[in-house]
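Try each task before reading its solution.

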Amino acid sequence: MSWWPDVLIGALVALAAAWLLLVLALVVVRPRGGLLREALRLLPDLLRLLGRLAKDRSLPRGVRIRLALLLAYLAMPIDLIPDVIPVLGYADDAILVVAVLRSVARRAGVAPLRAHWPGTDDGFAALCRLVGLPGR
């Protein structure tokens, strides 16, 4: 008997389980309440902010690497949840952006976020709510 079908089925089950775990992780770290809607609205400014922060040599290397990996993920044509699915397709991107920005804010503080923020003051206040910082 051939063992290839068993290996293929096992690999597909493992891949599906890994995908499901990643989607569940997104559900756990998602912004609560109306914050996800705000994150989707701010996404263009957030993407410019990510690029500016990734280029800032004054930030710790680990922070810049985290930002570069996030930008690489966002540029990939393959997502955890395909963008063709209405709302959910872009929600996974917004959740990942918020999760990384939360870790950047904890590590580097609010000053670099403020210095590189390309949007309005109201947008920055929304960003502070998203990452759990007091508005400044």
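**Exercise 1. Work out how many helices and strands the chain has, and in what order its elements run.**

Step 1: From the N terminus on, the elements run α-α-α-α-α-α. Step 2: That gives 6 helices and 0 strands; helices (H or I, at least four residues) and strands (E, at least two) are DSSP runs, numbered from the N terminus.

Before going on, note that this is a predicted model, in which local features need pLDDT of at least 70 and side-chain atom pairs count only at pLDDT 80 or more, while totals for chains, interfaces and linings use all residues. Residues are numbered from 1 along each chain as its sequence is written, and side-chain values use heavy atoms, with hydrogens and water left out.

**Exercise 2. Find what share of the chain is buried, and how its surface is made up.**

Step 1: Apply the cut-offs: buried is under 20% relative accessible area, exposed is over 50%, and partly exposed is in between (1.4 Å probe, protein chains only). Step 2: Of the 136 residues in the chain, 36% are buried. Step 3: The accessible surface is about 8400 Å², and carbon and sulfur atoms hold 68% of that area. These areas come from the Shrake-Rupley method with a 1.4 Å probe, and for residues only the protein chains shown count as cover.

**Exercise 3. Identify the salt bridges and say where their partners sit.**

Step 1: Use the rule: a side-chain nitrogen of Lys or Arg within 4 Å of a carboxyl oxygen of Asp or Glu. Step 2: The count comes to 2 salt bridges. Step 3: One joins R48 to D45, with the closest N and O atoms 2.2 Å apart. Both residues belong to helix α2 (residues 35-55), 3 residues apart, about one turn of the helix. An α-helix has 3.6 residues a turn, so residues three or four places apart point the same way. R48 is partly exposed at 42% relative accessible area, whereas D45 counts as buried at 17%. Step 4: The side chains of R114 and D121 also meet in a salt bridge, 2.5 Å from N to O. Here R114 is partly exposed at 35% and D121 is exposed at 54%.

**Exercise 4. Which ring does the charged end of R114 sit over, and which residues of helix α6 are buried?**

Step 1: A charge sits over a ring if NZ of Lys or CZ of Arg is within 6 Å of the ring centre and within 35 degrees of the ring normal. Step 2: For R114 the ring is that of F124, with its centre 4.6 Å away. Step 3: F124 is among the buried residues of α6 (residues 121-131), together with G123, A126, L127, C128, L130 and V131.

**Exercise 5. Is H116 buried or exposed, and what does H116 contact beyond its sequence neighbours?**

Step 1: Locate H116 in helix α5 (residues 110-116). Step 2: H116 is buried, with a relative accessible area of 19%. Step 3: Leaving aside neighbours within four places in sequence, H116 is in contact (heavy atoms within 4.5 Å) with L49, R52, L53 and D56. Step 4: For the chain as a whole, residues 24 or more positions apart account for 63% of the contacts with a separation of 6 or more.
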